[in-house]
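Please have the coordinates open as you read.

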Amino acid sequence: MSGLLLRLAGPLQSWGERSKFDRRDTAGFPTRSGLLGLIACALGRARGQSVDDLADLSFTIRVDRPGTRIVDYHTVGGGLSGGLKVPTADGKGRPPGKGILQTWREYLADAVFVVAVEGPEPLLDTVEAALHSPHWQPYLGRRSCPPEQPLVLGRSNDPQGELRTAVPVARRLRSENNDEQLAVDFVCDSGPEDQVRSEIFDVPDRFDRIDRTYQPRPVWIETTTLPTTLAAASTREHFQQLADYVRGGR
């Protein structure tokens with residue numbers, strides 16, 4: 001099946017899995033809702049608009065670098081007065097001394113993922129055009145997390161095969177030892193039952209601004225050994241490999 005190859009990299013990413021109120025978590029890899037949101041953003045879909053036409057897209061995620069999980073501590077409402085205070089259920093502001101709300105927001109720092117996006121050809125044509133010329137700035141789970149370039153690596157008749165044999169891996173080789181293993185995790189929409197991960201609630205019913213609902217799905221995580229030629233001895237060499245790949249020099 002034909003598909004697109006996307007590279008999701010940047011200083012920070014955050015793919016909410018169970019975020020509620022004051023605690024905003026992140027999954028260890030891009031969620032389906034987050035990927036659909038990125039595409040919907042590029043297409044210019046406003047909050048509340050249907051994403052049913054994107055349901056035929058499937059995603060295979062290669063975890064080049066899982067990143068480092070960090071927590072950003074925020075306070076909201078401190079020092080405000082009158083109508084600027086954080087509202088309560090009765091419409092009044094929080095009482096003196098209790099006007100500050102605390103929030104904890106998780107991010108993945110320095111993570112890199114490569115995603116094979118597969119689906120019907122006409123839909124992929126639309127998505128590819130939107131990602132090359134997005135209506136709104138795409139982001140990696142949260143608006144504060146813009147992606148670095150290149151975001152779109154190209155189109156392939158065998159995108160999953162490209163992930164395993166051709167797309168450079170953002171992983172530095174530790175030595176010139178030919179016996180070194182390049183073990184990389186793949187997150188898939190389907191697989192054998194003995195590899196199934198616990199269910200993740202990331203299939204969106206709707207992207208409403210306030211009332212968002214999600215359905216569960218299983219994901220399969222497979223560790224695969226890739227050719228060490230896909231990795232590089234330095235960051236400079238990796239980006240040269242990546243540039244050659246995008247230009248078609250593979």
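What follows covers the salt bridges, then a charged patch, a helix and some backbone details.

**Salt bridges**

Keep in mind that this is a predicted model. How many salt bridges does a search of the whole structure find? The search returns 12.

| Pair | N to O distance |
|---|---|
| Glu106 and Arg69 | 3.0 Å |
| Arg155 and Glu121 | 2.8 Å |
| Asp244 and Arg247 | 2.8 Å |

Take Glu106 and Arg69, whose side chains meet in a salt bridge. Glu106 belongs to strand 6 (residues 101-109) and Arg69 to strand 5 (residues 68-76), so the pair ties together parts that are 37 residues apart in sequence. Glu106 is partly exposed, at a relative accessible area of 22%, and Arg69 is partly exposed too, at 44%.

Now for Arg155 and Glu121, another pair whose side chains form a salt bridge. Because Arg155 sits in strand 8 (residues 152-156) and Glu121 in helix 2 (residues 121-132), this contact ties together parts that are 34 residues apart in sequence. Arg155 counts as partly exposed at 25% relative accessibility, and Glu121 is partly exposed at 39%. Both residues also take part in a network of salt bridges that links Glu121, Asp125, Glu128 and Arg155.

Which residues gather in a patch of positive charge on the surface? They are Arg24, Arg47, Arg143 and Arg212. Of these, Arg47 is found in the loop between helix 1 (32-43) and strand 4 (58-65), and Arg47 is partly exposed, with a relative accessible area of 33%.

Helix 1 itself has 12 residues and spans 16 Å from its first C-alpha to its last, close to the 16 Å expected at 1.5 Å a residue. This helix is mostly covered, with 10 of its 12 residues buried. Among the buried ones are Arg32, Leu35, Leu36, Leu38, Ile39 and Cys41. Gly44 follows helix 1 and has a positive phi, near 85°.

**Backbone details worth a look**

By way of background, most residues other than glycine have a negative phi, and most peptide bonds are trans. Where does a cis peptide bond occur? One joins Gln149 and Pro150, with omega about 0°. Pro150 is located in the loop between helix 2 and strand 8.

Asp110 has a positive phi, near 60°, although this residue is not a glycine. Asp110 is placed in the loop between strand 6 and strand 7 (112-118). Its relative accessible area of 46% makes Asp110 partly exposed.

Terms used: Residues numbered from 1 in each chain as written. Predicted model: local features only at pLDDT ≥ 70, side-chain atom pairs only at ≥ 80, totals over all residues. Heavy atoms only, no water. Patch = residues over 30% accessible without salt bridge, like charges linked within 9 Å, V, L, I, M, F, W, Y side chains within 5 Å. Areas by Shrake-Rupley, 256 points an atom, 1.4 Å probe, with all protein chains shown as cover. Salt bridge = Lys/Arg side-chain N within 4 Å of Asp/Glu carboxyl O. Lys, Arg positive; Asp, Glu negative; His and termini not counted. Charge placed at Lys NZ, Arg CZ, Asp CG, Glu CD. Helix = DSSP H or I, 4+ residues; strand = E, 2+ residues; numbered from the N terminus. Buried < 20%, exposed > 50% of the residue type's maximum accessible area, 1.4 Å probe, protein only. Expected span 1.5 Å × (residues − 1).
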